[in-house]
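Try each one yourself before you read the worked solution.

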Amino acid sequence: MPLTFTADPAITPTLRDGILDVWADVTNAGGAVGFVAPVTTEDIRPALLRQFTDMAEGRSRLVVGHDEDGRLAATAFLTRNTHPLMTHWIWLYTVMVHPRHQGKGHGRDLLAEAERTACAMEGVEAIRLGCRGGLGLERFYASCGYKEVGRVPDAIRVAPGDDRDDVIMLLTLS
């Protein structure tokens with residue numbers, strides 16, 4: 001079943017809790033979304049509240065996907081670049097598909113919806129994202145049209161002795 005995507009949904013307690021649950025479940029399943037397992041929703045809550053503040057101030061947008069049962073299944077944040085010389089591209093953050101929905105093409109669908117949302121944003125010509133090396137994420141993003149444009153070796157310390165590359169990916173919008 002395909003997911004139903006919505007850009008800029010109303011922030012309700014149900015949505016907030018759904019995002020926290022997805023974020024924790026993705027992290028605890030080994031996903032590279034800003035935290036290292038094990039985490040709880042309370043560990044993640046401050047980061048989500050910062051995203052909500054950015055949204056309320058017009059700096060960020062949210063794309064969500066719900067499954068056929070109405071449960072939150074996927075999220076991505078599109079954040080405007082605040083540097084005055086770089087406002088023609090945006091950041092894509094916290095791209096997540098719940099583990100129970102992975103392997104079904106929903107990640108590609110989420111990226112396509114994020115691209116559609118970005119195309120509707122005035123003056124936006126590209127989407128940039130960073131991903132953690134060593135997990136094959138750069139191959140996935142490349143298969144969705146993103147191009148690797150930079151790599152900082154060992155920039156992400158997952159644990160002592162476990163450093164990963166910070167891979168920079170770019171999608172030019174047409």
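This is a predicted model: local features need pLDDT of at least 70, side-chain atom pairs count only at pLDDT 80 or more; totals for chains, interfaces and linings use all residues.

**Exercise 1. Find H98 and decide whether it is buried or exposed.**

Step 1: Start with the place in the chain. H98 sits in the loop between β4 (89-97) and α3 (106-119).

Step 2: Check the accessible area. H98 has a relative accessible area of 9%, and buried means under 20%. So H98 is buried.

Step 3: See what H98 touches. Setting aside neighbours within four places in sequence, its contacts are V22, D25, V26 and A73.

**Exercise 2. Describe the largest pocket: what is its volume, and which residues lie nearest its centre?**

Step 1: Get the volume, which is about 970 Å³ for the largest pocket.

Step 2: Look at the lining. The largest pocket is lined by 38 residues, and A32, V33, V95, L137 and Y141 lie nearest its centre.

Step 3: Sort the lining by class. You get 21 nonpolar, 12 polar and five charged residues.

Step 4: Trace the lining back to helices and strands. The elements that each supply at least two lining residues include α1 (13-28), α2 (41-56) and β7 (162-172). The largest share, seven residues, comes from β4.

**Exercise 3. Find which residues of the largest nonpolar core touch the most other members.**

Step 1: Go through the 26 residues of the largest nonpolar core. The ones touching the most other members are L92, L110, I127, Y141 and Y146.

Step 2: Ask where this core comes from. β3 (72-80), β4, α3, β5 and β7 each supply at least two of its residues.

Step 3: Zoom in on L92. Leaving out residues up to four places away in sequence, L92 touches A76, F77, L78, L111, A114, I127, R128, L129 and Y146.

Step 4: Look for another core. There's a second, separate one of 19 residues, and A24, M55, L62 and F77 are among them.

Definitions and conventions:
Residues are numbered from 1 along each chain as its sequence is written. Side-chain values use heavy atoms; hydrogens and water are left out. Helices (H or I, at least four residues) and strands (E, at least two) are DSSP runs, numbered from the N terminus. Buried means under 20% relative accessible area, exposed over 50%, partly exposed in between (1.4 Å probe, protein chains only). Contact means heavy atoms within 4.5 Å. On a 1 Å grid over the protein atoms alone, a cavity is a set of points where a 1.4 Å probe fits but cannot get out, and a pocket is an open set with protein on both sides within 12 Å along at least five of seven lines; lining residues have an atom within 4 Å of a point. Grid points are joined across faces, edges and corners, and a volume is the space filled by probe spheres set on the points. Ala, Val, Leu, Ile, Met, Phe, Trp, Tyr, Cys and Pro count as nonpolar, Asp, Glu, Lys and Arg as charged, and the others, Gly among them, as polar. A nonpolar core is a set of buried Ala, Val, Leu, Ile, Met, Phe, Trp, Tyr and Cys residues joined through side-chain atoms within 4.5 Å.
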